[in-house]
Amino acid sequence: MQLNGQKINLRYPTLDDADSIAKYCADKEISEFTFIPFPYTHQDAVDFITMCIEDRKSMTSLHCGIENCETKEIIGMIGLNSINKIHFRGELGYWLAKPFWGQGIMLDAINILTSFCLNEMQLERIYAHVQPDNIGSWKVLEKAGFEREGLLRNHFCVGGTMHDHYLYAKLKD
Ligand SMILES: CC(C)(COP(=O)(O)OP(=O)(O)OC[C@H]1O[C@@H](n2cnc3c(N)ncnc32)[C@H](O)[C@@H]1OP(=O)(O)O)[C@@H](O)C(=O)NCCC(=O)NCCS
């Protein structure tokens with residue numbers, strides 16, 4: 001599968017992408033608001049891509065690499081986790097390498113993937129959890145047409161500390 005945007009394409013990652021994923025994930029700012037470990041090793045990238053390939057077979061998750069159109073390098077990931085075919089919903093997650101922030105790339109990636117999931121995969125609801133202080137992330141969601149549905153208090157435990165999360169969603173209609 002390949003979904004084409006202006007500056008980026010979305011495509012499945014392969015083990016050949018382990019170098020670029022390992023390079024860009026070795027950044028504390030990527031791990032700050034995600035469950036991506038820090039420090040991040042080449043083996044972490046290999047394990048992650050292997051998991052993406054397995055999940056694709058079972059269609060429990062759909063993980064897409066964000067490919068730079070010019071260099072063909074993977075510069076981030078976007079995916080739908082916990083795909084529920086009974087209730088027609090899935091959870092959106094994403095990260096983008098720091099050198100590419102602030103260029104509208106994640107907005108493009110979210111629009112492409114949500115359109116595919118709502119129109120081609122026949123899902124009815126795409127939702128996302130975002131920490132209130134991850135302003136860039138919830139601003140991008142709002143620009144992509146997601147609505148804030150509420151605040152989930154003490155929803156995630158990270159390093160022994162409980163964190164609130166906004167719940168955002170976009171519906172087919
Ligand atoms: C959050 C993240 C995905 C944003 O990606 P991005 O490609 O830089 O975002 P975009 O350039 O598409 O931004 C779209 C809009 O969001 C807003 N925005 C983005 N980053 C922002 C920030 N740090 N502060 C305030 N607004 C921000 C801008 O208003 C922009 O709108 P504009 O075009 O009117 O300026 C990126 O910073 C990232 O990967 N962070 C680390 C991982 C992470 O937090 N993942 C999400 C976990 S929930």
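This is a predicted model: local features need pLDDT of at least 70, side-chain atom pairs count only at pLDDT 80 or more; totals for chains, interfaces and linings use all residues.
Visitor: Start with two helices. How do H1 and H3 meet, and at what angle do their axes cross?

Guide: H1 covers residues 18–25 and H3 covers residues 42–58. Their axes come within 8 Å and cross at roughly 120°.

Visitor: Which hand does the crossing of H1 and H3 have?

Guide: H1 passes H3 in a right-handed crossing.

Visitor: Which residues in H1 and H3 meet?

Guide: On the H1 side, Ala18, Asp19, Ile21 and Ala22 take part. On the H3 side, the partners are His42, Ala45, Val46 and Ile49. By class, this contact of H1 with H3 has 6 nonpolar, 1 polar and 1 charged residues.

Visitor: Now burial. How do I read one face of a helix?

Guide: Start from the helical repeat. An α-helix has 3.6 residues a turn, so residues three or four places apart point the same way. Now take H5, residues 135–143. Its buried residues are Ser137, Trp138 and Leu141. Seen down the axis of H5, they fall within an arc of 90°, so they line one face of the helix.

Visitor: What covers the buried residues of H5?

Guide: The cover includes one helix, H4 (105–120). It also includes strands S5 (89–96), S6 (125–130), S7 (147–158) and S8 (161–171).

Visitor: What follows just after H5?

Guide: Gly145 does, with a positive phi of about 90°.

Visitor: Take Ser137 in H5. Why does Ser137 count as buried?

Guide: Buried means under 20% relative accessible area. Ser137 has 10%, so it is buried. Beyond four places in sequence, Ser137 touches Tyr94 and Val130.

Visitor: And Leu141, what is its relative accessible area?

Guide: Leu141, also placed in H5, is buried at 0%. Setting aside neighbours within four places in sequence, Leu141 is in contact with Leu92, Tyr94, Ile110, Ala128, Val130, Phe146 and Tyr168. Tyr94 and Val130 are also touched by Ser137.

Visitor: Which accessibility class does Leu152 fall in?

Guide: Leu152 counts as partly exposed, at 24% relative accessibility. Not counting residues up to four places away, Leu152 touches His129, His163, Asp164, His165 and Leu167.

Visitor: Leu167 is among those partners. Where does Leu167 lie, and is it buried or exposed?

Guide: Leu167 lies in strand S8. At 15% relative accessibility, Leu167 counts as buried.

Visitor: What is Leu167 in contact with?

Guide: Leaving aside neighbours within four places, the contacts of Leu167 are Arg125, Tyr127, Ala128, His129, Glu147, Arg148, Glu149, Gly150 and Leu152.

Visitor: How far apart in space are Leu167 and Trp138?

Guide: They are 9.6 Å apart, C-alpha to C-alpha, and 29 residues apart in sequence. Trp138 is one of the buried residues of H5, and S8 is part of what covers those residues.

Technical notes
Residues are numbered from 1 along each chain as its sequence is written. Side-chain values use heavy atoms; hydrogens and water are left out. Axes are lines fitted to C-alpha atoms, for helices over the stretch in contact, and angles run from 0 to 180 degrees between N-to-C directions. Helices (H or I, at least four residues) and strands (E, at least two) are DSSP runs, numbered from the N terminus. A crossing is left-handed if the near helix is turned anticlockwise from the far one by less than a right angle, and right-handed if clockwise. Contact means heavy atoms within 4.5 Å. Ala, Val, Leu, Ile, Met, Phe, Trp, Tyr, Cys and Pro count as nonpolar, Asp, Glu, Lys and Arg as charged, and the others, Gly among them, as polar. Buried means under 20% relative accessible area, exposed over 50%, partly exposed in between (1.4 Å probe, protein chains only). The arc is that of the directions from the helix axis to the C-beta atoms.
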